[in-house]
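This report goes through parts of one structure with two questions in mind. What touches what, and what is covered?

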There are 2 protein chains.
Amino acid sequence: MSFFRSRWVEAPAGIEELDPAQLPPGFRAGGAHCGLKGGGRTDVGLLVCDAEEVASSLLLTRNASAAAPIRVCRQVVDRGGVRAAVVNSGNANAETGEQGFADALAMSAEAAKQLGLAVEQVAVAETGTIGVPLPIEAVLEGIGEAAGGLGADGGTAFSNAILTTDRWPKSCTLRAGGVTLSAQAKGAGMIEPNMATMLCFVQTDAVVEDADALLREAVDASFNRITVDGQMSTNDTVLLQASGAAGKPLPEGLLEAVLKQLAIEIVRDGEGAVRTARVEVTGAATAAEAERVSRAIANSPLVKTALFGRDPNWGRIAQAAGAALAGEDLEELGAENIEAAELGADVPEAEIGLHLDRGEHAAHVWFSDLGYDYIKLNAEYTT
Amino acid sequence: MSFFRSRWVEAPAGIEELDPAQLPPGFRAGGAHCGLKGGGRTDVGLLVCDAEEVASSLLLTRNASAAAPIRVCRQVVDRGGVRAAVVNSGNANAETGEQGFADALAMSAEAAKQLGLAVEQVAVAETGTIGVPLPIEAVLEGIGEAAGGLGADGGTAFSNAILTTDRWPKSCTLRAGGVTLSAQAKGAGMIEPNMATMLCFVQTDAVVEDADALLREAVDASFNRITVDGQMSTNDTVLLQASGAAGKPLPEGLLEAVLKQLAIEIVRDGEGAVRTARVEVTGAATAAEAERVSRAIANSPLVKTALFGRDPNWGRIAQAAGAALAGEDLEELGAENIEAAELGADVPEAEIGLHLDRGEHAAHVWFSDLGYDYIKLNAEYTT
């Protein structure tokens, strides 16, 4: 089993791992190079579910300064009936004004035309440089080319079409309980110019009753529990499509396990990251408090540099927690409340903990370290 | 005029700058070395106002995981009648439990004894390593030594007694409108072990009617408007003492100008900082929104690395603002709303701006860049 490699992910039993190029029955995908990325790399992708009665859900960034494709998805796309997705990598089409919106809509329209679908059935996602007009003619041509090469083994081409500065692809195809599920993600490692965009696409032939509830719950336990630098992207998108062709439900916990593994991969591949950690806060007075304190620790540059420097500095955890609880009546947090040993240990996945002794609530967050390469990636690249 | 050197500080007219060693009439200070810092450096300090009717105000960190001296100040000290302050640098006496509280109280008691005051008249402030027991006997001896050397020209000794990894002292003595005001501050540059503690002491012979209101307003416009890494310390303390001996009020705006200059010095001397910036957000719907957006920009590692890398990357400002306004209905923020040119300019103090076009409210924050030296200071030091 090579996909589920994090200590923090428990996969359901009896999973068979397939070539990630292979999509579940009823799905086809393809990619093309249109010139947004250098070196002839795949930068346009198309994905389609051939089943007419697809069950889908689409989660989008809440960033108020959202990119054009997000606005198209919000305003035009029917989130419950997404048959296809069209993507590019290399240009985020963000902060591009009315022309950007028109371009994103044109991408969706071209994909719809190629696939014989309506515009509201095609989600559009883009990632890459912001503030730069999209070379729309080249992109439309790329979409045509990708449409011409659609295949059931197009998972890898589609995965490649969303990668930017990811150091490795993040995809899988799994079989369990008589259904197949594939997923392609890209993570937070963009230097063009430095938005930590996260995209994820999931396809399955399982029967899914309430796609929104299922995806929301799995995302809450995975992508919503990670932080690289505390920055919410203008372009984040997660799409789930279920064709129902297998006539069986998804095994309990499978989607959540897949998204957790992908989320942790994104953290591992965070900008310049070399180590990953999970912080768990227990004993909080409320769920919101547990959440706030765990995020404060995960986003603290002092904790993140300690993780990078292998410094088991529990004082920084106490400080970040105390700041998050400013104004509260808190007993001094001593070493006995804090597990920081793995911050200093030579493990790739460090587990740290804080017990507040204020109540029964808990929360956890995965995060990356902060080292020289983050500065290098973000300071030495000039737009 | 060498003290007011920031482009962002407008000092009242007619100020005479004196040697910062010189305290206002009626104040005496002194320092000693007790071994908390190496190299024989001054690490214990004592400051006293000889006027019995001192008007004072004391502002303390709201960090819920506050250090022992903060707890002593909160629980024991009469903030309106602080005659003296006793300080050490090199040991924060934080996360030190009941013994730490007893030690901080012992410092206050020893200072009170030496000066013939009550414990509630003596503020105590400490800064340095956390989680390490205070060598209290040596500190008490140092307090005795400092008491023996108290003098009207003890401003520099006292200033030295609060410095940790500051690259330069932050102090001044000024005369204007028939009154004298002196101040000593230390900033956010600790590598022992990396709490960004801020301490500031202000003495004047002016008549101050409402010390709390005056200090609160000046701190709101200065120390509360800066961020180095978004971290609130366990030990932050600001003390204002006014003897009233001059029989005249403080010139309008003088205290605020002094604290602003000191606050900007602290940012300039932030951990590894090489450049300082001020971001102003205008056109916000509410004051709280202006505040939230300006702090989100100032604390964004992407904006901070752009400042370090001299990258006029307005997209990062749009992204940080959009994240702070998540869920709001916001028009896309274009280059026309954002002044980011000085992010890329070769100026030590960069001015950047964002106009939201949502209302009439504005806020600003000063912040430092994020570069290799921050990582070096915070990752390579092992506790």
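Two residues are in contact if their C-beta atoms, placed from the backbone, lie within 7 Å.

## The model

This is a predicted model, in which local features need pLDDT of at least 70 and side-chain atom pairs count only at pLDDT 80 or more, while totals for chains, interfaces and linings use all residues. Residues are numbered from 1 along each chain as its sequence is written, and chains are lettered from A and ligands numbered from 1 in the order in which they are written.

## Where the chains meet

By that contact rule, 50 residues of chain A touch 49 residues of chain B. On the chain A side, the elements giving two or more residues are α8 (301-308), α9 (314-324) and α10 (372-379). Helices (H or I, at least four residues) and strands (E, at least two) are DSSP runs, numbered from the N terminus. The largest share, eight residues, comes from α9(A).

## Helix α8 of chain A

A residue is buried if 20 or more other C-beta atoms lie within 10 Å of its own, the C-beta atoms being placed from the backbone. In α8(A), eight of eight residues are buried, among them A:P301, A:K304 and A:F308. Their cover includes α7 (287-299) and α9 of chain A, together with α10 (372-379) of chain B. Just after α8(A), A:R310 has a positive phi of about 50°.

## Strands of chain B

Two strands pair if DSSP finds at least two bridges between them. In chain B, β12 (residues 276-284) and β14 (residues 349-355) run parallel, joined by seven bridges; B:T282 has B:H355 of β14(B) as its bridge partner. Strand β13 (residues 338-339) of chain B runs antiparallel to β14(B), with two bridges, and B:I338 stands opposite B:L354.

Note on methods:
Buried ≥ 20, exposed ≤ 12 C-beta atoms within 10 Å, placed from the backbone.
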